[in-house]
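Okay, thanks for coming, everyone.

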Amino acid sequence: MPDYLELTVDKFTFKVATDRFYSPEGMWAKEEDGRVRVGLSDFFQQHNGDVAFAEITETGTELAVGDEIAVIETIKVDISLPSPLAGEIVEVNPAMEMEPEKINFDPYGDGWLALVEPQEWETTRESLLRPEAYYEQVKVDAEEELRKG
């Protein structure tokens, strides 16, 4: 169970898991036994609404940083999700086909999207945000959203 940095803005509480890295777009990447599991941050999923559909790029696909790793459909919008790392998709979360709402209920656990065999992970990891830096970005973004109202 990861530890979290928690931020409350207005009536919303956002969690940032401290055991992974983040892209500025809100994707997380967590190293596990030489592979990297990828998903959406809590802030990203809350900001975009309830996930009704998730289509993950298929196993065996080679990705570059920024390539589409998945598309999610929410009640608000359809979103193309950029991969935070380069590598080959070796596993897709089977729950996404029938239970994409797991992204909303458990974004750092059962709501993961894909497992990737990374290329140049050490270099890529250095370009991603550490949890504390992502937390600060979420704080700025959430407060800005609140001001827009």
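So, Glu 31 has Val 36 as its bridge partner in β5. That's one spot in a pairing where β4 and β5 run antiparallel over six bridges. On terms, strands pair here if DSSP finds at least two bridges between them, and the strands (E, at least two residues) and helices (H or I, at least four residues) are DSSP runs, numbered from the N terminus.

Quick bookkeeping before I go on. This is a predicted model, where local features need pLDDT of at least 70 and side-chain atom pairs count only at pLDDT 80 or more, while totals for chains, interfaces and linings use all residues. Residues are numbered from 1 along each chain as its sequence is written, and side-chain values use heavy atoms, with hydrogens and water left out.

Back to the hairpin. β4 and β5 have two residues between them, and Asp 33 sits in that loop. Asp 33 has a positive phi of about 55 degrees although it is not a glycine. For context, most residues other than glycine have a negative phi. Asp 33 is also exposed, at 83% relative accessible area. My cut-offs there: buried is under 20% relative accessible area, exposed is over 50%, and partly exposed is in between, with a 1.4 Å probe and protein chains only.

And what about strand β5 itself, residues 35-40: is it mostly covered or mostly open? Mostly covered, with five of its six residues buried. β5 also pairs with strand β11, residues 114-118, through three bridges, antiparallel again. Arg 37 has Leu 115 as its bridge partner in β11.

If you follow the chain into the loop between β11 and α4, you reach Glu 120. Glu 120 is another non-glycine with a positive phi of about 55 degrees, and Glu 120 is exposed too, at 62%.

Now the charges. Which residue meets Glu 31 in a salt bridge? Arg 125 does, at 3.2 Å, N to O. A salt bridge here means a side-chain nitrogen of Lys or Arg within 4 Å of a carboxyl oxygen of Asp or Glu. Arg 125 is in helix α4 (residues 121-127) and Glu 31 is in strand β4 (residues 27-32), so this pair ties together parts that are 94 residues apart in sequence. Glu 31 is partly exposed, at 41%.

Also in this area, Lys 30 forms a salt bridge with Glu 32, the closest N and O atoms being 4.0 Å apart. Both ends are partly exposed: Lys 30 at 22% and Glu 32 at 25%. Searching the whole structure gives 10 salt bridges.

One of the salt bridges is in a helix. Lys 148 and Glu 144 meet at 3.9 Å, N to O, and they're separated by about one helical turn because they are four residues apart in helix α5. Lys 148 is exposed at 61%, whereas Glu 144 is partly exposed at 36%.

The largest pocket holds about 270 Å³ of space. Of the 13 residues lining it, the closest to its centre are Phe 12, Phe 14, Gln 46, His 47 and Glu 145. At least two lining residues come from each of β2 (12-17), α1 (42-48) and α5 (131-148). By type, the lining divides into six nonpolar, four polar and three charged.

Last stop, the other sheet I wanted to show. Three strands make an open antiparallel sheet in the order β6-β8-β9. Its edge strands are β6 (51-56) and β9 (78-82), each pairing on one side only. β6 and β8 (residues 68-74) are joined by five bridges, and Val 51 stands opposite Thr 74 in β8.

Key
On a 1 Å grid over the protein atoms alone, a cavity is a set of points where a 1.4 Å probe fits but cannot get out, and a pocket is an open set with protein on both sides within 12 Å along at least five of seven lines; lining residues have an atom within 4 Å of a point. Grid points are joined across faces, edges and corners, and a volume is the space filled by probe spheres set on the points. Ala, Val, Leu, Ile, Met, Phe, Trp, Tyr, Cys and Pro count as nonpolar, Asp, Glu, Lys and Arg as charged, and the others, Gly among them, as polar.
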